[in-house]
Amino acid sequence: METRAGLSISPRDVEILDSIPEPVVIVDRLRTVSAANAAAVRDIGVAYAGRALALSLRHPAALAAVEEVLAGGQTRSIEVTLRTPAARTYSLVVAPLQGAAGAVLIFHDVTSERRAQQMRVDFIANASHELRSPLSALVGFIETLRGPARDDPAARTRFLEIMANEAGRMTRLIENLLSLSSIEADEHVIPQGRVDLGQTLAAVVDTLLPAATAKEMRIRTEILVTLPPVAGDPDQLVQVFRNLIENAIAYGRTGSEVLIVARPIERMQEGTRPGVAISVQDEGDGIPRDHIPRLTERFYRVDAARSRKLGGTGLGLAIVKHILNRHRGRLTIESELGRGSRFTVTLPSA
Ligand SMILES: Nc1ncnc2c1ncn2[C@@H]1O[C@H](COP(=O)(O)OP(=O)(O)O)[C@@H](O)[C@H]1O
Ligand SMILES: [Mg+2]
C-alpha cells in the first residue's frame, strides 16, 4: 500500500483497501495518487503514491473520466483496456470522494468475460457462414432446375445429387450444433452410467465398416479382455469414438489400416485413479505440429476445403473434447507428417 498526505489516509484505511482483491486507487483534487491498494500496484502498475495519476495510468478515457468527476460530475463507469503490465480489460468506476476532496477509481477485471463473449460472437458468425454456403448452393440449383435445366434430365439427375449432398451437410451441421449445446448444458454433471468400452468400440466399428470398405481400408482392433468398465454416458462415448474413427477413415490413405487399441492404465495423467486408454491410429498424411493444439476448437480445420469435401463439419473434435471434459477424460494427439496420426483418449475407470 502506498499512501501520502494530502488526503488523510490512516493505517487502518490502508489495511482495508489492501484487503480488497481488485485494484482501488484514490486521487486528490490535484490528480495526485493518494493511495493505491496492493492489487492496483500489482495489476495495473500504479506504484507510487504522491505521483501524478497520469504518469502511471496512461489511458486517456480513464483520465478524462477522472477529470469529469473532479469537476463535480457524477460517478462515471467506463471500460478500459490496459496494455501494461499485461493486456487486460477492466470495468472502471470513478466516483467522487465526499466533499469533492478527490476521486476513487475502482477496477473490476472483465477480461475473461469479454473473451468468452468474443468467442460466442465468432462462433455464431462461423456457424452462420457454414450454414449459408450449402443453402446458397441449394438455392442456386433450384433456380437452375426451374430455368435453364428444366428440360434436361441428365442435368437434373446430377444437380439433385449435389443438392442431396448439400442438404446432408446442413443436416449434419445442425445435428452437431445441437449435440454441442446439449453436451455443454450438462458438462458439469458427472455421468453416472457404467460403460463397457469393448462393446462400445465393437458397435461403433460395425457401423463404420461400410465407410472403411468404400476406401478399401481395414479396421483392426486390439481390445484387452481385462478392460475395466468406465463411468460414463454410453451415447456420448459412442460419439467420441465415432468421431475419432470417422476421422481416421476420412484422413487415412486409401487401402491403409486403422488400428484401435484399448488397454487399462494404472493411473490417469492427473491423480491416482486407474483408467483406460483407447487409441485410434491412422496411416494418413499426418497433421503439421502447430495445428495440433487448435484441432479441438470449433470449426478449426487444417484444410477447410478438404474437410468439406469429405463431408466434415469441423465440429467433431470439439464435441469429443467437451464430452471428455464431462467424463474427466483426456485427449492426446500425436502425429508424424507423411506417416499418420494417433488420437488417444484416457478415461477414469468406474
Ligand atoms: N486423423 C486425422 N488425420 C489428419 N487430420 C485430422 C485427423 N483428425 C482430424 N484432423 C484434422 O482436424 C480437423 C478437425 O477435425 P474435426 O473436428 O473432426 O472436423 P472435420 O473432420 O469435420 O473437419 C480436420 O478438419 C482435420 O484437418
Ligand atoms: Mg471429423
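Which element supplies the largest share of the lining of the second largest pocket? In this predicted model, local features need pLDDT of at least 70 and side-chain atom pairs count only at pLDDT 80 or more, whereas totals for chains, interfaces and linings use all residues. Residues are numbered from 1 along each chain as its sequence is written, and side-chain values use heavy atoms, with hydrogens and water left out.

The largest share of that lining, 7 residues, comes from α5, and α5 (111-146), α6 and α10 each supply at least two residues; helices (H or I, at least four residues) and strands (E, at least two) are DSSP runs numbered from the N terminus. The second largest pocket holds about 480 Å³ of space, and of the 16 residues that line this pocket, M119, R120, F123, E297 and R298 are the closest to its centre. Pockets are open sets of points on a 1 Å grid over the protein atoms alone, where a 1.4 Å probe fits, with protein on both sides within 12 Å along at least five of seven lines, and lining residues have an atom within 4 Å of a point. Because domain 2 (111-185) and domain 3 (190-350) both give residues to the lining, the second largest pocket lies between them, the domain bounds coming from an automatic or database domain assignment.

About 1100 Å³ of space lies in the largest pocket, a volume being the space filled by probe spheres set on the grid points, which are joined across faces, edges and corners. This pocket is lined by 41 residues, of which N243, N247, A250, Y251 and G312 are the closest to its centre. The most is given to this lining by α8, with 10 residues. Domains 2 and 3 both contribute to the lining of the largest pocket, which therefore lies between them.

Definitions and conventions. Chains lettered and ligands numbered in written order.
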